Amino acid sequence: MKLVLAVIHNDDSAIVTSALTQDGFFVTKLSTTGGFLMVGNTTLLIGTEDDKIDAIKDILKKHCSTRKQINASARSFGRGLKSDDIAEEATVGGAIFFVLNVDTFEKL
C-alpha cells in the first residue's frame, strides 16, 4: 500500500481530481500554500496499491501543465507592492509527486 502526495497548481485541481476519481482512485484534496511564490496550491492525498502508482503519474502528467506567470518581485514580500518593484516571470504548474509507504490502512 502506498500514499501519494501530489502538489499541483490550483487551476489543474478540478480536472485532475475528476480524472483520478473516474479511474477509481479515492482522493483527498487539501488547500496549501507554496513557500517560494506564496500562492495557493492543491495537495492531493491518494491511497493506492503499489502497482497503480504509474497510472496516477500518467494522469498527473496528462493534466498538470506548466505555464508562465508574472509575479511581484520577492523584494516586496512583507512590505506591500511599490510602483518601482520589478515584476518577475516564473514557471508555475506541473506536479510534485511523493510516494510514501503505508504500514497500516483501515477504512472505518
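**Close-up views of a predicted model**

**View 1. Glu-89 in strand S5.** Glu-89 is found in strand S5, which covers residues 88–93. The model shown here and in the other views is predicted. Glu-89 counts as exposed, because its relative accessibility is 55% and the cut-off for exposed is over 50%. Lys-68 lies 21 residues away from Glu-89 in sequence. In space, the C-alpha atoms of Glu-89 and Lys-68 are 6.6 Å apart.

**View 2. The whole chain, for orientation.** The chain has 108 residues, and 29% of them are buried. It holds 2 helices and 6 strands. Along the sequence these elements follow the pattern β-α-β-β-α-β-β-β. How many of the contacts between residues at least 6 apart in sequence join residues at least 24 apart? The share is 65%.

**View 3. Helix H1 against helix H2.** Two packed helices are described by the angle between their axes and the distance between the axes. Here H1 spans residues 10–22 and H2 spans residues 53–63. Their axes are 10 Å apart, and the angle is about 145°. The crossing of H1 and H2 is right-handed. From H1, the residues that meet H2 are Asp-12, Ile-15, Val-16, Ala-19 and Leu-20. H2 brings Ile-56, Ile-59, Leu-60 and His-63 to the contact with H1. By class, that contact has 7 nonpolar, 1 polar and 1 charged residues.

**View 4. Asp-12 in helix H1.** Asp-12 is part of helix H1. Is Asp-12 buried or exposed? Asp-12 is buried, because its relative accessibility is 4%, and the limit for buried is under 20%. Neighbours within four places in sequence are left aside here. Beyond them, Asp-12 is in contact with His-63, Cys-64, Ser-65 and Arg-67. His-63 is also one of the H2 residues in the contact of H1 with H2.

**View 5. Asp-11 in helix H1.** Asp-11 also has its place in helix H1. With a relative accessible area of 58%, Asp-11 is exposed. Which distance separates the C-alpha atoms of Asp-11 and Thr-42? They are separated by 9.0 Å. Along the chain, Asp-11 and Thr-42 are 31 residues apart.

**View 6. Val-7 in strand S1.** Val-7 lies in strand S1, residues 2–9. Its relative accessible area is 24%, so Val-7 is partly exposed. Thr-32 is 25 residues from Val-7 along the chain. The C-alpha atoms of Val-7 and Thr-32 are separated by 8.5 Å.

**View 7. Thr-48 in strand S3.** Strand S3 covers residues 40–48, and Thr-48 has its place there. Thr-48 is buried, because its relative accessible area is 5% and the limit for buried is under 20%. Which residues does Thr-48 contact, leaving aside its neighbours within four places in sequence? Met-1, Lys-2 and Val-4 are among them. Phe-25, Ile-53 and Ile-56 are in contact with Thr-48 as well. Ile-56 is also one of the H2 residues that H1 meets.

**View 8. Phe-105 after strand S6.** Phe-105 lies in the segment after strand S6, which runs over 95–101. Phe-105 is exposed, with 55% relative accessibility. Where does Met-1 come in? Along the chain, Phe-105 and Met-1 are 104 residues apart. Their C-alpha atoms are separated by 7.9 Å.

**View 9. Lys-107 and the ring of Phe-26.** What sits over the ring of Phe-26? The charged end of Lys-107 does. From the centre of that ring, the charged end of Lys-107 is 4.4 Å away.

How values were computed. Residues numbered from 1 in each chain as written. Predicted model: local features only at pLDDT ≥ 70, side-chain atom pairs only at ≥ 80, totals over all residues. Heavy atoms only, no water. Lys NZ or Arg CZ within 6 Å of the ring centre and 35° of its normal. Helix = DSSP H or I, 4+ residues; strand = E, 2+ residues; numbered from the N terminus. Buried < 20%, exposed > 50% of the residue type's maximum accessible area, 1.4 Å probe, protein only. Contact = heavy atoms within 4.5 Å. Axes fitted to C-alpha atoms, helices over the stretch in contact; angles between N-to-C directions. Left-handed = near helix turned anticlockwise from the far one by under 90°. Nonpolar A, V, L, I, M, F, W, Y, C, P; charged D, E, K, R; others polar.
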